[in-house]
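Hi everyone, thanks for making time.

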Amino acid sequence: MQERMGNPALVLPAAMQALAALSKVPAETGLSPKLLELVNLRASQINGCSVCVDGHPRIAKKLGETDERLFAIGAWRDSPYFSDAERAALALTEAVTRVSDRADPVPDDIWDEATRHYDGKSLAALVIAIANINVWNRLNIATRQIAGAWKP
């Protein structure tokens, strides 16, 4: 496969600046960088973004994430490796990523579980993080960016 063009965020520096600034917000609110990488990886798996599926485990590993958790992220519901708060974040990630899969994309039970573990500011940051990785996934997929070219 060959990329169609350079990543639009690199082609348009103002877009890169905006997306980079947005990506800093969730960590600045106190969300764990390791949690954010789990969210990034799970959304990227769902979206089929090879660039992010390749890159985000690398970042997570640098942050001290374990192989067991990275290998099990696709089966987080049935794996013993994740806390209740992480499970709530992953459920929210899946719902927000798959918005067209059901009439009520983010059902109350998923939202309510997330509110049990995250306060208003943290929950806002989590939703921003999920939205941001979905933007990156779509930019990479639309332009056929090549996995392995980005080495975080």
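Which residues have the most contacts inside the largest nonpolar core? Before I answer, a word on what you are looking at. This is a predicted model, where local features need pLDDT of at least 70 and side-chain atom pairs count only at pLDDT 80 or more, while totals for chains, interfaces and linings use all residues. Residues are numbered from 1 along each chain as its sequence is written, and side-chain values use heavy atoms, with hydrogens and water left out.

Now the answer: Leu31, Phe82, Leu92, Tyr118 and Leu126 have the most contacts inside that core, which has 26 residues. By nonpolar core I mean buried Ala, Val, Leu, Ile, Met, Phe, Trp, Tyr and Cys residues joined through side-chain atoms within 4.5 Å. Buried is under 20% relative accessible area, exposed is over 50%, and partly exposed is in between, using a 1.4 Å probe and protein chains only.

Two or more residues each come from helices H3 (33–47), H5 (67–72), H6 (84–97), H7 (108–117) and H8 (120–142). H6 gives the most, with 6 residues. The helices are DSSP runs (H or I, at least four residues), numbered from the N terminus.

Let's zoom in on leucine 126. Not counting residues up to four places away in sequence, Leu126 touches Leu31, Val39, Ala89, Leu92 and Tyr118, with contact meaning heavy atoms within 4.5 Å. Apart from this core lies another, of 9 residues, including Cys49, Cys52, Ile133 and Trp136.

Stay with helix H6 for a moment, as threonine 93 lies there. Threonine 93 counts as buried because its relative accessibility is 0%. Where does its side chain reach? The side chain of threonine 93 goes to the backbone oxygen of alanine 89, at 2.7 Å; a polar contact here is a pair of N or O atoms within 3.5 Å, where within protein one must be able to donate a hydrogen and the other to accept it, and residues adjacent in sequence count only if both atoms are side-chain atoms. Leaving aside neighbours within four places in sequence, threonine 93 is also in contact with Val39, Arg42, Ala43 and Ile130.

How many salt bridges does a search of the whole structure find? There are 9, a salt bridge being a side-chain nitrogen of Lys or Arg within 4 Å of a carboxyl oxygen of Asp or Glu. In one of them, glutamate 94 pairs with arginine 42, with the closest N and O atoms 2.8 Å apart. This pair links distant parts of the chain, since glutamate 94 is in helix H6 and arginine 42 in helix H3, 52 residues apart. Both glutamate 94 and arginine 42 are buried.

Arginine 69 and glutamate 65 also meet in a salt bridge, at 2.5 Å from N to O, and both are buried. Then there is arginine 98 with aspartate 101, at 3.8 Å. Arginine 98 is partly exposed, at 33%, and aspartate 101 counts as exposed, at 55%. Salt bridges that share partners join Arg42, Arg77, Glu94, Arg98 and Asp101 into one network.

Last stop, the outside. Phenylalanine 71, found in helix H5, counts as exposed because its relative accessibility is 69%. Leucine 12, in the loop between helix H1 (8–11) and helix H2 (13–28), counts as exposed too, at 52%.
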